[in-house]
Amino acid sequence: MNKKRVIRKVAVLGSGVMGSRIACHFANIGLEVILLDIVPRQLSEQEAAKGITEASPSFRNRMVNESLEFAVKSNPSPLYNKSLVSRIKTGNLEDNLDWINQADWTIEVVVENLEIKKQLFERVEKYRKQGSLITSNTSGIPIQLMAAGRSEDFRKHFCGTHFFNPPRYLRLLEIIPTPETSAEVVDFLMNFGSLHLGKTTVNCKDTPAFIANRVGIYSIMKVLETMQKLELNVDEVDKLTGPVIGRPKSATFRTADVVGLDTLIKVADNLYAALQKDESRDIYQVPAYVRSMEQQKWLGDKSGQGFYKKAKNAKGEREIHTLNLHTLQYEPGKKAKFATLEATKTIDKPAERFKVLLNGSDKAGEFYRHTFYGLFQYVSNRIPEIADELFKIDDAICAGFGWEIGIFQTWDILGLESTLKQMETLGYMPAQWVYDMISGGFHSFYQLKEGSKRYYDIPLKAYKAIPGTEDFILLQTLKENKVIWSNPGCSLYDIGDGVLNLEFHTKMNTLGTEVILGINKAIETAEKGYNGLVIANEGQNFSAGANLAMVFMYAIEQEFDEIDFMVRSFQNTLMRVRYSSIPVVVAPHGLTLGGGCEMTLHADRVQALAETYIGLVEFGVGLIPAGGGTKEFVLRCSDSFEQGDPELYHLQNTFMNIATAKVATSAAEAKEMHIIRDKDGITYNKDRQIADAKTAVLAMAEEGYIQPIQRKDIKVLGKSAMALFHAGINGMKMGRYISEHDQKIAQKLAFIMAGGDLSYPQLVTEQYLLDLEREAFVSLCGERKTQERIQSILTSGKPLRN
């Protein structure tokens, strides 16, 4: 790889749904971005009324500016922080195309039309900088056709870079080279996409729809075929194809509505036309009811209705109606029930549900057998057509469609040979290489060995390490011989170079007795000769916070001494995270709420994933943060006073963040909220996070880590702060924005953050503030309203968020 290649500025040509969001994601990682689009055909009535002419920049840049504005306002946001939009400079393709001579990478994201793309590339070649990258975000047009007629330097630096929508959140980036693309360019994009854009980069062959859409659309079409055979409805299928099998909540039909039925039809039609030799070609024929929906413009969210539609019932209440695919009439949604699903209710992890689901004797079991076995057969037949290595198919479908578990990985979980026999019974015969693999003595597609994940290489007939993972630390590969201690709630790993890693594996990684014990054990062990400790896990979320079930049980039984003991233990544990003799790095990702946030606040260093959704949310259940979270924010406010920040202003903002249970929607926002500090690190790729956290531990150890001393110099403002807080609280209550119970909680929070009823500003200790926290928490547990809120959260089964 050419290490001299540096990307400082990117030009994005086309500002539609994908182009504007790709531009935002480049801005997310700190790059300057040029975003260009076409000039509108004519003035709008509003523009004409204002006297704007066709020569005015506001007219000529209207399309690009409106597209970017729409993207920035969309939810979820394409930006880590809305202020990052300032890194994007907008213009148009007629007046400003010469700007691309400043760009190190130019990416085309215009309409999916080969001739339009070729015409644009002809113009691009006049201005692009020699040696700069030039790529297309096409989702299906053959890459090599687009570069035809261009110069040697253009062709050498040209390839496909297919992002998935939304680019910030879906991790897949397919890299599709042509035969003339330089190997250096491919290697650079594979590494840059992984390291800086946070993507799972997959090197794809230039085949129809590449890898993810080829397999993903097959999976959807197989679902449609199977549901018709089994006479299942939309609600039932979405119940069967969502989180229960480790796939997104949007499942099948909600996903189709979000993506757009027209998009799904276009991709399926294109595949049917292009795949003349695909043995399953007929599966891509769009069902008649889908064609009818297209004719009626029922395209999903973009048209206001698709498989689902918002409606009002007889009482005027809003509800979701579902399309009956036989009558094409909308009906109130029905709750789907299957005995097979009921049998998996006590099984938390999707991987552990698979055998139960596929052995079901009802329609659900039959549905799973046909859809899973059909998919197993299909992907085995796609090698080597769309990929030479099976791991690429799993990587693409997981990162592009949000599946937790890949297809070959699922087959391994079910048992390769036993599943093969069941597939044969139902007529799903896989490719010959699968039989050859088994006869050669290989009994799984993957194996975990010597700290790496390996895949079965078909031509070599041996297991090989997955390339590109050398810099990753994957805990799943260390379970066999690197776990030095564990209990049912967590495991302690030796991750090399004298560094330990504590992983949680409770439901939603909640923090209960076992995890508290594990944190203390991990620190105790690390202090006996290790360089330091990382607290990180490979779950979907870092931690949803404390175990509310235990709090609720003690509160109902009025065991307030037990609650006091539990909170004191948690406080002491997090203080030990801060004040141990070894460096401790916490690596939050995904949901990091309540106690998970408090743990992060007490780390020597934080190595946060860019996609970290973190905050103190206890207020939402009628409590205050009592694991040191409130104390830590008061401490940080005190430190900011010394740096010249207006004292009451900073304290009030912090108070509001806690009182509104505000959650940062990215690590960048968490920095603005002072949860993450300037000295902390941010990782863009989840697979690299633990390795980055380990590096941070070793850096602190090598610098000569010195155990900190508990603080006794925290400035609190006493009655002056209390008066400010109470004025705001009472105003909110008088305006009926908060309830009487909310007022009570806020007053207790105010008491802590003011440092108590002190007549003048004073310096206090951390323990003083911890005691105030604990007293407030315990007293609120005795409130009926608080108990009702906790019960409501527990009944919903959802994590507490603002």
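Let's start at Phe442, which sits in the loop between H20 and S12. One thing before we go on: this is a predicted model.

Is Phe442 buried or exposed? Its relative accessibility is 17%, and buried means under 20%, so Phe442 counts as buried. Its ring has a partner. Phe442 and Tyr463 make an edge-to-face aromatic pair, 5.4 Å centre to centre, with 75 degrees between the planes. Tyr463 lies in strand S14, residues 462-465, and Phe442 in the loop between helix H20 (432-439) and strand S12 (446-449), so the pair ties together parts that are 21 residues apart in sequence. Tyr463 is buried, as is Phe442. Now look along the chain to Ala696. That is 254 residues from Phe442, and the two C-alpha atoms are separated by 39 Å.

How many aromatic pairs does a search of the whole structure find? It finds 28. Take Tyr218 and Tyr378. This pair is stacked, with 4.0 Å centre to centre and 5 degrees between the planes. Tyr218 belongs to helix H9 and Tyr378 to helix H16 (residues 363-381), so the pair ties together parts 160 residues apart in sequence. Tyr218 and Tyr378 are both buried. Tyr378 has another neighbour: Arg382 lies over its face, at 4.5 Å from the ring centre. There is a second case of this kind, with Arg5 over the face of Phe188, at 5.8 Å from the ring centre. Ring pairs also build a cluster, and its members include Phe354, Phe367, Tyr368, Phe408, Trp411 and Trp433.

On to the cores. In soluble globular proteins, nonpolar side chains tend to be buried together. Here the largest nonpolar core has 116 residues. Which residues have the most contacts inside it? They are Phe307, Tyr368, Ile393, Phe408 and Trp433. Helix H9, residues 212-230, supplies the largest share of this core, 10 residues.

Lys239 lies in helix H10, residues 234-240. At 44% relative accessibility, Lys239 counts as partly exposed. Its C-alpha atom is separated by 6.6 Å from that of Ala336, which is 97 residues away along the chain.

Last, the backbone. Where are cis peptide bonds found? One runs from Asn75 to Pro76, with omega near 5 degrees. Pro76 is in the loop between helix H4 (62-73) and strand S3 (88-92). Another joins Asn165 and Pro166, with omega about 0 degrees. Pro166 sits in the loop between strand S6 (158-163) and strand S7 (172-177).

Two residues other than glycine have positive phi. For Asp497, phi is near 60 degrees. Asp497 is in the loop between strand S16 (490-494) and strand S17 (499-504), and at 54% relative accessibility it counts as exposed. For Arg736, phi is about 65 degrees. Its place is the loop between helix H29 (719-734) and helix H30 (740-753). Arg736 is exposed too, with a relative accessible area of 76%.

Conventions: Residues numbered from 1 in each chain as written. Predicted model: local features only at pLDDT ≥ 70, side-chain atom pairs only at ≥ 80, totals over all residues. Heavy atoms only, no water. Core = buried A, V, L, I, M, F, W, Y, C linked by side-chain atoms within 4.5 Å. Buried < 20%, exposed > 50% of the residue type's maximum accessible area, 1.4 Å probe, protein only. Helix = DSSP H or I, 4+ residues; strand = E, 2+ residues; numbered from the N terminus. Phe/Tyr/Trp six-rings, centres within 6.5 Å; stacked < 30°, edge-to-face > 60°. Lys NZ or Arg CZ within 6 Å of the ring centre and 35° of its normal.
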